[in-house]
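Visitor: I am new to this structure and would be grateful for a close look at its salt bridges. Please describe them one by one, and then what accompanies them.

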Amino acid sequence: MTATDTLPEGWQTALPPLNAGEILLAWLELDLDANLNFRTSLVALTNQRILTATESWPLTATAHLHHVDHAGVGMLELDDGEKLLARWRYTLGRNPAALQFEREFNRQRDSQASGLPPPAPVAASCPICQLPIPADEEDCPNCARELHTPPSTWTLLRLWRFAQPYKGMLLAGFLLTLAATAATLVPPYLTMPLMDEVLIPYQNGKPIDTTKVAWLLSGLLGAAVFAWALGWARTYILALVSERIGADLRTATYEHLLKLSLEYFGGKRTGDLLARIGTETDRINVFLSLHLLDFATDILMITMTAVILFTINPWLALVTLIPLPIIGWLIHMVRDKLRTGFEQIDRVWAEVTSVLADTIPGIRVVKAFAQEAREAQRFREANKHNLEVNDRLNRVWSLFAPTVGLLTEIGVLVVWIFGIWLIAHDRITVGVLTAFLAYISRFYMRLDSMSRIVSTTQKAAAGAKRIFDILDHVSSVPDPVKPVALPPLKGGIKIENVHFRYGNRAILRGIDLDIQPGEMIGLVGHSGSGKSTLVNLICRFYDVSEGGIRVEGVDLRSVAVADYRKHIGLVLQEPFLFFGTIAENIAYGKPDATRAEIVAAARAAHAHEFILRQPYGYDSLVGERGQSLSGGERQRISIARALLIDPKILILDEATSAVDTETEYEIQSALNNLIRGRTTIAIAHRLSTLRRADRLVVMDRGRIVEIGNHDELMAREDHYYRLYMAQSKQLDELPALGMEAGMENEVVA
Amino acid sequence: MSRAPITGSFSLTRNLMGQLVFVGADGTAHEGVTPVRAFALTAPDAGISLMSSESKELQWIDSLDSLPENERHLITEALAQHEFMPIIRRILSVSSFATPSTWQVETDRGATALILKSEDDIRRLKSPGGLLIADGNGLHFMIRDRRDLDAHSQRILKRFL
Ligand SMILES: Nc1ncnc2c1ncn2[C@@H]1O[C@H](COP(=O)(O)OP(=O)(O)O)[C@@H](O)[C@H]1O
Ligand SMILES: [Mg+2]
C-alpha cells in the first residue's frame, strides 16, 4: 500500500509522489469542482497529510474535517479550528465514500494526536450502514440496490410467466385454432372442381353431374359447420385462459404494490396506480383474449393459404404475395411511433384519473373554498391534453389502415391482370383463378386485420410495461434474502448513529438512542424536527441512510419486515378507518380476534361507550374516511386497533392531538394500562400528555439535543424548558383551556 | 404565526471559516448564515431570506438590487456556492426508453450522467416548456424550455413525457 498503484483506474499519476514512509490510506474521487462544474479530481489521505494534485495539508491535532450536504451536493470542509483550509464538493452518489474518507481521517488524526497506533480498521464494513460485510460478498447485501436495470423491450413476452400455469389449455386452444383455420380453407379449394368440372363443362354443353355437385356442396357445408364448431371451442377455451391470466396479473400486481415501501406511494399518484391496475390489466386481457388469438389465426391462415396457393400455381402465388413485404415494412415503420404514442396516451390517461383521485377525497376543501370551477377546468385541461396526444397519434394511425387497404386492392387487381393473362395463354383454368380470388380475398382481409393488431399489440405492450414497472420495482425496504429469525422481543430498541434523508434533504443527522424494554419514551420537539421520521424508521417504513437500528441485537434490515411489524402497534395523528363495521376496524390487525377481545381493547381505549351509542353498536358501519364519527372517536378506534394486537412496541405519533382535552384526559388515564409491559414511544405536541414518560427525548432539526425526565430537563432551562414555557404561556393566554392548564399544574406538582 | 418581514438594515461579512456573519439592527452577530431563495423556480430574484444556522429567519430581502455592493456580492457568492441545478443543454443518449434509464447529458456545468428512476421524476414547470428532472441521487436538473433543445434531444425527451 506504499505506492499509488492502489488508486482507481486513471488516477495513478494524479498525485504528487509520496514521501518516504508515507502510506496512502484513503481517497475520494470528486466529481464537482469549486465552481460546481462537473469535473473529476482526487483527494487522498495518507498517514501524514491530506493531498490533492496541487496542494497538501498536514494532519495536525487541530485539523478538522466535516461534512455537510445540501440540495444533492455534498461538501467536505477542512479547517484548523480557526480557519477554513479547503473545501471539496461531490454529488451525493459519492456520499458513502466521502463518509468513509472522513472516518479514516478522524482515526488517523486521533492516533497522531495520542501517539498511539490507529485502531485497526474493523473488518470490511459497509460504508453506508456500517454493518460488517460478509467475507464472500463484495457489496453490502443490505445496501446493494439495483438502481437501474431497465425492463426489457420484449415486455409482452414476459407475460408468459402468467401464462405458464395454463400451458395445457393454451396448447389445446392452439390445436383447435389450427384445425379451425384449416377447415375454413377448404371451401375455396372446392370451388375449383365446381368451376372446372361442373360449371364450365355445362357452358360448353355438358349436362350437370348432380352427384358430384351434391358431394361438393355438402363438402362446403361440412367444412363450414366444422369450422364453426372448432371456432367456438377455441374461442371459449382461449377466452377462459386469458381471463384467468388477466386476473392473475391484476392480483400479482396488487400484491406486489402492497409490499412496496411508503417511499413508492409517496412518489406516486393514486389515480395513476388505479389506472394501472384497473384499466391496463384489462387492456392486456382483451389483447390476449381477442387480438392475440386473431393474430395467431391470421398467421396460420396466411401460411396455409400461401402453401395452398403455391401448390396450385407458384407463379400466380408469387404475384399474389407481392404486397406482403411492403405491408410488413409499413408495419415496422409505424410500430415505434405507435408504441411511444400509446405509452404517452396511458400516461395522459393516468393524469386524467389523477385529477379525479385528487379531488374526490378533498371534496370538502374544494367546496369550502368554492373552487369547483377551477377543478373542472383542471379536468378539462387534462382531457384536452389527452385529446392532443390522441390526435397526434391518430394522424399516423389513420393513414396506416387505408394504406394497407389500398395495397390490398392493388394486389387483387394484379392477380386479376396476371390471372387473365395466364388463362389467355391456357396456363391455368378459370377454376384456378376463381379459387385464387376466393383465397386472396380472405388472405388480404387477414392482412388488413393483422395490421390492426399493430395498434392493439402496442397498446398492450405499453400497458404491460406500466404493469411491469410496478412488478419490477424492488421495495426500498426489501426483505433480506436470508432473513434472520427474530428472537422473542423484549422491546428494547437500539438506535445507532442514524442518518436519514428524503431525496436530497438530510432530515436526521446522527441519532443515538438506547430504548430499554418496557420503557416509555416521550419524543418532543418543534414540528418538523424529525420525530415522525424517527418513528417511521423504527417501524421500518423507510430504511436509514446511514447507521442502524437493532432490536434484540438484530439489525432491522436483516429480519423479514412483516415478522417485525407484527410486534408494533401504531397510532397516527390522522386515523384511517376502512369501510366496514367498527368491530372489523378494531380487529384489522388480528382478524380472528374474539368479540371479547375487541370489546376489551375498545374499553382500554375508552371507545366502548361511544361505540355503544352508535345505532348498531360494534356492528355499525363507518365510511371510507369514517365520516360519521368525530375525530376523537376515530382516534380512539385506531388506538383500540393498535392495542388489540397486544404489541411489544407501541407507537403513538401525536395520537391525542386530534382529540379534545376531555377525551385526552380519558385516554391519558387509559394509557396507564396501555404502556404496562410494553415499550412505548409517544410523540405529543401537548407536553402534558407525556408526563408518564420515563425519559423525554428532545429533538431539534434532526438531532437529539436533550434527554432526561421532566424535572431534569426543566432544571437545565434549555430546549425543553423553552418549549414548556412557551406552552404554558399560551395556555395562560387561553383561559378557555382551563382544563388543560389544570393538567399542566399537575405535571409541575 | 406570521411575523412581519424583517427588513431593517444589516451587515454581512465573511469570517475565516468561510461562514457568513450577520449583524442585524439589534447588534447581535450570527455566524453561519445562509441565504435562500423563497421562490427558487418561479421568481429566483424576487425574495431572498437570510437564515441563521438554527433555521430562523434573520432578514428578508425583497430584491438584491436594493443592497449595498458588499452585501450583494457576498449573498450572490453564497447563493452560487449553495445552488446546484445544472441546466441541461443537450441529451446525448439514454440507456433505454424504459425507466430506470441512465441519460448522458450536456449541461451548463459540464457533461455528466443522470439516472431517471421513473417518469414521475420529471416535473413540468409553470413556465412554458420548462422541466425539472430529479435524478436518482437527489440532484435536480433543469430544462429551461424543451422546445429550444436540438431535435435529437427533443426526440428523446418526448418518449418520457
Ligand atoms: N415524505 C417526505 N418527503 C420529504 N420530506 C419529508 C417527508 N416527510 C417529512 N419530511 C420532512 O422531514 C422533516 C421532519 O418531518 P417529521 O419527522 O414529520 O417532523 P415531526 O417532528 O413534526 O414529526 C420535515 O421538515 C418534513 O418536511
Ligand atoms: Mg410528526
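**Salt bridges and their setting**

Guide: Arg107(A) and Glu104(A) form a salt bridge, with their closest N and O atoms 2.7 Å apart; the term requires a side-chain nitrogen of Lys or Arg within 4 Å of a carboxyl oxygen of Asp or Glu. The model is predicted, so local features need pLDDT of at least 70 and side-chain atom pairs pLDDT 80 or more, while totals for chains, interfaces and linings use all residues; side-chain values use heavy atoms, without hydrogens or water. Residues are numbered from 1 along each chain as its sequence is written, and chains are lettered from A and ligands numbered from 1 in the order in which they are written.

Both partners of this pair belong to helix α1 (residues 95-114) of chain A, where three residues, about one turn of the helix, separate them. Helices (H or I, at least four residues) and strands (E, at least two) are DSSP runs numbered from the N terminus. Glu104(A) counts as buried because its relative accessibility is 11%; buried is under 20% relative accessible area, exposed over 50%, and partly exposed in between (1.4 Å probe, protein chains only).

Over all chains, a search of the whole structure finds 29 salt bridges. One of them joins Glu546(A) to Arg501(A), whose closest N and O atoms are 3.9 Å apart. Glu546(A) is in strand β11 (residues 546-551) of chain A and Arg501(A) in strand β8 (residues 493-502) of chain A, so this pair ties together parts that lie 45 residues apart in sequence. Both Glu546(A) and Arg501(A) are buried.

Another salt bridge is formed by the side chains of Glu519(A) and Arg695(A), at 2.6 Å from N to O. Here distant parts of the chain are linked, 176 residues apart: Glu519(A) sits in the loop between β9 (505-515) and β10 (520-525) of chain A, and Arg695(A) in strand β18 (residues 695-700) of chain A. With a relative accessible area of 10%, Glu519(A) is buried, whereas Arg695(A), at 22%, counts as partly exposed. In chain B, salt bridges with shared partners join Arg37(B), Asp45(B) and Glu83(B) into one network.

The two chains also meet. There, 39 residues of chain A are in contact (heavy atoms within 4.5 Å) with 39 residues of chain B. Between them, chain A and chain B bury about 3,000 Å², of which 50% is on carbon and sulfur atoms; this is the accessible area (1.4 Å probe) that two parts lose on being put together, summed over both. The count of salt bridges between chain A and chain B is zero. On the side of chain A that touches chain B, two or more residues come from each of β6 (73-79), β7 (84-91), α9 (323-359), α11 (372-424) and α12 (430-472) of chain A. Among these, α9(A) gives the most, with five residues.

Aromatic rings form pairs of their own. The structure holds 14 aromatic pairs over all chains, including the stacked pair of Trp232(A) and Tyr236(A), at 6.3 Å centre to centre with 10 degrees between the planes. Rings of Phe, Tyr and Trp (its six-membered ring) pair if their centres lie within 6.5 Å; planes under 30 degrees apart are stacked, over 60 edge-to-face, the rest tilted. Trp232(A) and Tyr236(A) both lie in helix α5 (residues 210-259) of chain A, four residues apart, about one turn of the helix. Trp232(A) is exposed, because its relative accessible area is 59%. Finally, Phe38(A), Phe84(B) and Phe141(B) form one aromatic cluster.
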